[in-house]
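These are my notebook entries on a single chain fold. I looked up the core first, then the sheet, then the helices that cover it.

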Amino acid sequence: YGDANQKIDYVFKVVLIGDSAVGKSQILARFARNEFSLDSKATIGVEFQTRTLVIEHKSVKAQIWDTAGQERYRAVTSAYYRGAVGAMLVYDITKRQTFDHIPRWLEELRAHADKNIVIILIGNKTDLEDQRAVPTEDAKEFAEKEGLFFLETSALDSTNVENAFMTVLTEIFNIVN
Ligand code: GDP
Ligand code: MG
């Protein structure tokens, strides 16, 4: 992916939020390293990964922050949101509760983050369609009402992962240009 010697025109911080086990870390692993693991290993402390891509002939370094387990303790701090220009609000399409918690996450985000932050709602695990508990329409409607972008993804089979990041990064790029 990235070329270490490449000149960077922009660095965009994007935060991943949502309930535990919805697939945030695997979405990030898929985007940053094109990897996926079925083992959910709890990570300690805040961490981020980067990937550099080109948008309209400019090199953009996406710095993607992962809550790394803090979501379990409701301990996502304002430092996590500081400087973020994008946010990915993730739920699991097979777990209704993770979607029902989205308004709370959105409230958290709006309380701590910049008011112009670009937000995408992501329904992850579309490969588990037979276990779907959240209709696409419900999420779409919520996203429209709240002015969020919306996509359903699968970190497992890669569906829409690239698309989700590009949607956010391109929108941020358009705002700063
Ligand atoms: P996090 O707590 O939100 O970071 O969730 P993880 O990324 O650790 O994922 C939790 C569990 O869901 C792990 O067992 C992952 O392998 C699994 N998982 C993540 N994304 C997907 C997906 O798109 N499809 C399926 N079937 N499993 C997934
Ligand atoms: Mg995680």
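Which residues does M88 touch, not counting residues up to four places away in sequence? I found V14, L16, I120, I122, A164 and V168, where contact requires C-beta atoms, placed from the backbone, within 7 Å.

I note the basis of these entries. The model is predicted: local features need pLDDT of at least 70, side-chain atom pairs count only at pLDDT 80 or more, and totals for chains, interfaces and linings use all residues. Residues are numbered from 1 along each chain as its sequence is written, while chains are lettered from A and ligands numbered from 1 in the order in which they are written.

Entry: core. I looked up the largest nonpolar core, which has 45 residues; M88, L89 and I120 touch the most other members. Such a core is a set of buried Ala, Val, Leu, Ile, Met, Phe, Trp, Tyr and Cys residues joined through C-beta atoms within 7 Å. A residue is buried if 20 or more other C-beta atoms lie within 10 Å of its own, exposed if 12 or fewer, and partly exposed in between. Helix 6 gives the largest share of this core, six residues.

Entry: I recorded an open sheet of six strands in the order 2-3-1-4-5-6, with mixed pairing. Two strands pair if DSSP finds at least two bridges between them; helices (H or I, at least four residues) and strands (E, at least two) are DSSP runs, numbered from the N terminus. Strand 2 and strand 6 (149-152) are the edge strands, each pairing on one side only. Strand 1 and strand 3 run parallel and are joined by six bridges. V15 stands opposite W65 in strand 3.

Entry: helix 1. I find seven of the ten residues of helix 1 (residues 24-33) buried, among them I27, L28 and F31. These buried residues pack against strands 1 to 5 and helix 6 (161-176). I also noted N34, which follows helix 1 and has a positive phi near 55 degrees.

Entry: helix 6. I computed a reach of 23 Å from the first C-alpha of helix 6 to its last, over 16 residues, close to the expected 22 Å; the expected span is 1.5 Å times one less than the number of residues. Its buried residues are V161, A164, F165, V168, L169 and I172. They lie on the same side of helix 6 because they cover an arc of only 115 degrees around the axis, the arc being that of the directions from the helix axis to the C-beta atoms.

Note on methods. Two residues are in contact if their C-beta atoms, placed from the backbone, lie within 7 Å.
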